Amino acid sequence: MPLFEGITATTVHTDRLAANVLARSGQRTDGPAIVFVHGNVSSSLFWQPILLALPDDVRAYAVDLRGFGGSETAPVDATRGVRDFSDDVHSVVQALGLGPVHLVGWSMGGGVVLQYALDYPVASITLQAPVSPYGFGGTRLDGTRLTDDDAGTGGGGANPGFVTALADGDTSRENTLGPWAVYKGTYVSADFTSEHEDTWVESMLTTATGEDNYPGDSVPSESWPGFAAGTRGVLNTMAPGHFDVSGIAELPAKPPILWVRGEADAIVSDASAFDLNFLGQAGVIPGWPGEDAAPAQQMVAQTRAVLERYAANGGSYAEEVFAGAGHAPALEQPERFVDLLLQHVRGAA
């Protein structure tokens, strides 16, 4: 595992799994504890620059979810939404003796930390490019499902060529469906470069593939585009029939929320390149049945609407847009991300 100098990896054994956890070498055992949760097709490795940039008066841990990074590969029961992941994270927090922590979740990890907050006490929440509170694909602005079987969402939506490249450990820069191309084309903005790009690709390649992990299974559907969400694996955890964390707006105790997103995000967007309905509307996928039957998901607008309800019900949130950044603002503008995170964490103390 390509660890940066100053980062250590530890296997934390819980009653749920053996989890890989990154931390700064020799960090203090007191002070606010921040736990970072990565997104889909990635791992804790992406959080290394942020862990190293944080000051000594905070503790920082980055957890690998099951089937990613150095954590145990275990089946994912998608009928529980992302609770397999959030319960795993909680078991690690308990094993480390951390108590209520400051949670930071990226993309799918944003959904994981919101589910965590619905089930367990937290000190604060930071969302980086989070999945919509209603899941990925297949919903209208108000969160209502387009079809009863969530057509066009879940495991069937993954590109088979990309899945094969992950399974094969493909690090080539020539494969337009490989991890390198996906990272460069969708994780970050077009003009962003990093000396650690090989590490980010290695992180993506730690993803366990198959019907129990990424992408998951699928079933036929009579609705366009001909498949619907299954019950196993990663992508099905975010199908709207399995996943809905909009109840965060009604939490009795409301930790402060910081929402960070990139202006040029190609993945979590109101015009997402990964939303099959948007691709159908754009003519990329043939046979699109039209706006009434299959509108593109308004992911950002959905998140904002739920957080507005959160604030109206007595909570607080701040939305910070990183100009020019893609799906990973913390990679592209780490100094600003760290400043915002520290203000947020210290303000919640």
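This is a predicted model: local features need pLDDT of at least 70, side-chain atom pairs count only at pLDDT 80 or more; totals for chains, interfaces and linings use all residues.
Ala, Val, Leu, Ile, Met, Phe, Trp, Tyr, Cys and Pro count here as nonpolar, Asp, Glu, Lys and Arg as charged, and the others, Gly among them, as polar. Residues are numbered from 1 along each chain as its sequence is written, and side-chain values use heavy atoms, with hydrogens and water left out.

**Enclosed cavities**

- Rolling a probe the size of a water molecule over the atoms shows where empty space is left.
- A cavity is a set of points, on a 1 Å grid over the protein atoms alone, where a 1.4 Å probe fits but cannot get out; a pocket is an open set with protein on both sides within 12 Å along at least five of seven lines; and lining residues have an atom within 4 Å of a point.
- Grid points are joined across faces, edges and corners, and a volume is the space filled by probe spheres set on the points.
- Searching the whole structure turns up two cavities of 30 Å³ or more.
- The largest cavity has a volume of about 40 Å³, and its lining is made of Phe46, Trp47, Trp106, Gln128, Ala328, Ala330 and Leu331.
- By class, that lining has six nonpolar residues, one polar and no charged.
- The second largest cavity holds about 30 Å³ of space, with Leu114, Leu127, Pro130, Val131, Pro133, Ile248, Thr303, Val306 and Leu307 around it.

**The largest pocket**

- The largest pocket contains about 780 Å³ of space.
- Its lining has 34 residues, and Phe136, Gly157, Tyr214, Leu235 and Phe274 lie nearest the centre.
- Helix 4 (160-168), helix 5 (179-187) and helix 8 (276-281) each bring at least two residues to the lining of the largest pocket.
- That lining divides into 21 nonpolar, twelve polar and one charged.

- A nonpolar core is a set of buried Ala, Val, Leu, Ile, Met, Phe, Trp, Tyr and Cys residues joined through side-chain atoms within 4.5 Å, where buried means under 20% relative accessible area, exposed over 50%, and partly exposed in between (1.4 Å probe, protein chains only).
- The largest such core has 95 residues, and Phe36 and Tyr187 have the most contacts inside it.
- Tyr187 is in contact (heavy atoms within 4.5 Å) with Asn40, Val41, Phe46, Trp106, Val182, Met204, Ile267, Gly326, His327 and Ala328, leaving aside neighbours within four places in sequence.
- Helix 11 (residues 334-348) has 15 residues and should span 21 Å at 1.5 Å a residue, which agrees with the 21 Å between its end C-alpha atoms; the expected span is 1.5 Å times one less than the number of residues.
- The buried residues of helix 11 are Phe337, Val338, Leu340, Leu341, Leu342, His344 and Val345.

**Two residues to look up**

- Met238 sits in the loop between helix 7 (234-237) and strand 11 (257-262), and counts as buried because its relative accessibility is 7%.
- Not counting residues up to four places away in sequence, Met238 touches Asn40, Val82, Met108, Val131, Gly135, Phe136 and Phe243.
- Gly161 belongs to helix 4 and, at 24% relative accessibility, counts as partly exposed.

**Backbone details**

- Most residues other than glycine have a negative phi, and most peptide bonds are trans.
- Tyr214 and Pro215 are joined by a cis peptide bond with omega about 5°, and Pro215 is in strand 8 (residues 214-215).
- Trp224 and Pro225 are also joined by a cis peptide bond, with omega about 5°; Pro225 lies in the loop between strand 9 (218-220) and strand 10 (227-229).
- Val41, a residue other than glycine, has a positive phi near 50°; Val41 is in the loop between strand 3 (33-37) and helix 1 (48-53) and is buried at 4% relative accessibility.
- Ala129 has a positive phi of about 45° although it is not a glycine; Ala129 is in the loop between strand 6 (124-128) and helix 4 and is buried at 1% relative accessibility.

Conventions
Helices (H or I, at least four residues) and strands (E, at least two) are DSSP runs, numbered from the N terminus.
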